[in-house]
Amino acid sequence: MEAMDRERNIWVVGGDQRQRALVRLLREDGHTVRLAALEDQDLGTEPLGPGLALAHCVILPLPVTRPDGMLNAPLSREPLSLESLLEYMEPGQVLCAGMVSPAVRELAESRGLRVFDYYAREECMVTNAVPTAEGAVQVAMEELPTTLHNARVLILGFGRVGKLTAHRMGALGAKVTVCAKRYEDLAWAAAYGCDTLRLETLSYELGGFDLIVNTIPARVLSPHRLSLVNPEAFILDLASAPGGVDQRAAKELGLRVLQAPGLPGRTAPVTAAAAIRDAVYHILWELEEAP
């Protein structure tokens with residue numbers, strides 16, 4: 001990735017291991033980078049203050065906030081509200097964040113900020129899908145009592161993550177079946193050598209799989225469908241909140257389920273950080289090129 005042509009003053013606020021790696025990458029590119037709500041003795045955390053108003057860009061986490069509305073900052077000793085952070089910023093400043101909700105966007109734009117969702121960019125989502133798929137392989141290897149080779153694997157959804165996960169697991173010898181709603185997705189899955197099932201009619205076939213990987217951000221594994229799952233199977237839910245599995249029903253049935261929507265941050269934080277950095281660079285370049 002080509003670095004920016006001049007030094008920028010950038011603040012990284014909140015986040016997890018991805019943001020720690022992001023700080024290092026940005027500093028390696030020669031930028032002045034300050035961080036807050038992201039404790040790290042080596043990187044040098046600072047308290048929020050008026051200096052935030054001098055930033056060319058402020059980068060927030062992916063996702064921006066927790067379910068309770070506070071900033072997503074698991075590595076911070078103290079909780080931080082988004083409102084208190086935005087109070088230090090000035091109208092016209094650039095705010096980049098991931099999975100920006102309508103409420104977050106409205107709050108930031110009401111203060112005159114220019115808000116950009118780096119995760120909504122195709123290049124970021126594609127790059128981020130790679131560590132997600134590889135992380136899924138890693139988790140499956142750790143959780144299954146057998147090898148992935150010859151394992152019967154069902155992939156729910158055939159978007160970016162579904163495609164890459166099916167490819168990675170198929171390359172290891174898994175017997176992959178793709179279940180999707182759109183006919184074009186099923187056609188592509190068949191072209192890749194996968195067996196296919198339609199999501200609308202998915203039923204008793206669920207009992208024939210050792211591993212079920214969900215990538216659909218909707219409650220597709222209902223209590224009825226879960227009752228048809230092989231009791232020895234492992235379910236890996238990669239979808240964003242609230243996920244695709246009815247957790248209460250799964251628990252009552254004694255099924256093994258792992259919700260892992262943030263795998264890139266756990267398994268490949270540097271790669272995930274590079275995807276964020278590149279997307280932010282693209283945003284800044286486009287702003288400079290705009291008439």
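Me: Which elements do the buried residues of α6 pack against?

Reply: In this predicted model, they pack against α5 (160-171), β7 (175-180) and β8 (195-198). The helix α6 itself covers residues 183-191, and its buried residues are D185, L186 and A189.

Me: What makes T177 count as buried?

Reply: Let us set the value against the cut-off. Buried means under 20% relative accessible area, and T177 has 8%, so T177 is buried. This residue is found in strand β7. Leaving out residues up to four places away in sequence, T177 touches V153, L154, I155, D195, T196, L197 and F209.

Me: How do you know whether L60 is buried or exposed?

Reply: The relative accessible area of L60 is 0%, which means that L60 is buried, given that the word applies under 20%. You can find L60 in the loop between β3 (57-59) and α2 (82-86). Residues up to four places away in sequence aside, L60 touches V13, L82, L85, L95, C96, A97, G98 and Y118. There is also W11: L60 and W11 are 49 residues apart in sequence, and their C-alpha atoms are 8.6 Å apart in space.

Me: Why is R8 called buried?

Reply: R8 has a relative accessible area of 3%. The limit for buried is under 20%, so R8 is called buried. R8 sits in the segment before β1 (9-13). Its contacts, apart from neighbours within four places in sequence, are H31, T32, H56 and E288.

Me: What makes H282 partly exposed?

Reply: Its relative accessibility is 21%. Partly exposed runs between the buried limit, under 20%, and the exposed limit, over 50%, so H282 counts as partly exposed. H282 belongs to helix α10. Between H282 and R121 there are 161 residues in sequence, yet 9.6 Å in space, C-alpha to C-alpha.

Me: Why are α4 and α10 described as they are, by direction?

Reply: Two packed helices are described by the angle between their axes and the distance between the axes. For α4 (residues 122-143) and α10, the angle is about 175° and the axes are 9 Å apart. Angles over 145 degrees count as roughly antiparallel, so α4 is roughly antiparallel to α10. In this contact, E123, C124, T127, N128 and P131 of α4 meet T271, A272, A275, I276, A279 and H282 of α10. By type, the contact residues are 6 nonpolar, 4 polar and 1 charged.

Me: What makes the phi of M99 worth a look?

Reply: Most residues other than glycine have a negative phi, and most peptide bonds are trans. M99 is not a glycine, but its phi is positive, about 55°. M99 lies in the loop between β4 (94-97) and α3 (102-109). With 37% relative accessibility, M99 counts as partly exposed.

Me: And what about the phi of N150?

Reply: N150 is another residue other than glycine, and its phi has a positive value, near 75°. N150 is in the loop between α4 and β6 (152-156), and its relative accessible area of 43% makes N150 partly exposed.

Me: Which kind of peptide bond joins L62 and P63?

Reply: The bond is cis, and omega is about -10°. P63 is in the loop between β3 and α2.

Notes. Residues numbered from 1 in each chain as written. Predicted model: local features only at pLDDT ≥ 70, side-chain atom pairs only at ≥ 80, totals over all residues. Heavy atoms only, no water. Buried < 20%, exposed > 50% of the residue type's maximum accessible area, 1.4 Å probe, protein only. Helix = DSSP H or I, 4+ residues; strand = E, 2+ residues; numbered from the N terminus. Contact = heavy atoms within 4.5 Å. Axes fitted to C-alpha atoms, helices over the stretch in contact; angles between N-to-C directions. Parallel < 35°, antiparallel > 145°, perpendicular 65-115°, else oblique. Nonpolar A, V, L, I, M, F, W, Y, C, P; charged D, E, K, R; others polar.
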